[in-house]
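Please read them with the model open.

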Amino acid sequence: MQLLSIVQGMTNEKLAVVIRGDSAEQAEQTGAACYAGGVKVLEVTFTVDGAENVIRRLKDRFSDAIVGAGTVLDAETARIAILAGAAFIVSPGFDKQTALLCNRYQVPYLPGCMTITEMITAMEYGAQVVKLFPGGTFGPSFLSAVKGPLPHVNIMPSGGITVDNTAEWLEAGAVMVGVGGDMTKGAKNGDFDAVTAEARRFMQAAGGVQ
């Protein structure tokens with residue numbers, strides 16, 4: 001039940017932000033700025049040095065946020081993230097051992113998939129949501145094609161999601177979208193107010209889609 005509850009909470013929000021940064025401090029500030037703009041699903045990538053500490057701090061600061069880990073390439077990293085309190089695990093590709101570990105601890109695993117075969121395999125190993133990555137390479141119309149043979153697959157496109165196409169992706173059948181640099185680019189210059197403003201724009205774009 002824990003796993004399904006987390007997935008439901010994530011898909012209800014419709015939007016997750018991918019948080020990167022040159023330091024743990026910058027990543028935490030970016031996450032806080034996104035939260036201030038209304039984004040409650042925060043994916044801290046393990047390209048950030050000390051990502052597990054960022055996960056802990058964001059969870060402590062924002063009790064109603066759903067904080068997870070991204071760019072998780074193996075089961076060892078997934079376990080580190082889960083011990084730090086990650087509510088979900090996201091990978092750029094599918095990894096069998098990571099899927100098994102996440103199922104063991106009832107933590108949602110969202111693996112990156114590009115093909116029907118990869119999506120079927122991911123679902124066979126318990127993935128409730130698959131990440132279409134890179135989403136911008138395909139476009140929203142790809143979801144309709146996939147939903148033909150796999151009407152039951154839940155897809156979160158990530159990569160190439162903008163404030164202008166967020167609603168289009170959701171209307172095409174995405175259960176949620178993953179947003180990265182288009183929302184957080186201001187953080188590179190220390191302009192976290194700009195990050196918050198972009199977060200609000202994205203949430204407004206997603207908010208009108210039923």
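**Notes on the predicted model**

1. The model is a predicted one.

2. Helix 10 covers residues 192–207 and has buried residues F192, V195, T196, E198, A199, F202, M203, A205 and A206. Among the elements that cover these buried residues are helix 1, strand 1 (15–19), helix 2 (24–36), helix 8 (166–171), strand 8 (177–179) and helix 9 (181–184).

3. The length of helix 10 agrees with expectation: its 16 residues, at 1.5 Å a residue, should span 22 Å, and the end C-alpha atoms are 22 Å apart.

4. T11 lies in helix 1, which runs over residues 2–13. Is T11 buried or exposed? T11 counts as buried because its relative accessibility is 18%, and the cut-off for buried is under 20%. Apart from neighbours within four places in sequence, T11 is in contact with V175 and M176.

5. Strand 3 (residues 66–70) is mostly covered, with 5 of its 5 residues buried. I66, G68 and G70 point one way from the strand, while V67 and A69 point the other way, and all are buried. In a regular strand, side chains alternate between the two faces of the sheet.

6. Strand 2 (residues 41–45) pairs with strand 3 in the parallel sense, over 5 bridges. In this pairing T45 stands opposite G70 of strand 3. Between the two strands the chain passes through helix 3 (residues 51–61), and this β-α-β crossover is right-handed.

Conventions:
Residues are numbered from 1 along each chain as its sequence is written. This is a predicted model: local features need pLDDT of at least 70, side-chain atom pairs count only at pLDDT 80 or more; totals for chains, interfaces and linings use all residues. Side-chain values use heavy atoms; hydrogens and water are left out. Helices (H or I, at least four residues) and strands (E, at least two) are DSSP runs, numbered from the N terminus. Buried means under 20% relative accessible area, exposed over 50%, partly exposed in between (1.4 Å probe, protein chains only). Contact means heavy atoms within 4.5 Å. The expected span of a helix is 1.5 Å times one less than its number of residues. Two strands pair if DSSP finds at least two bridges between them. A crossover is right-handed if, with the strands pointing away from the viewer, the path from the first strand over the helix to the second runs clockwise.
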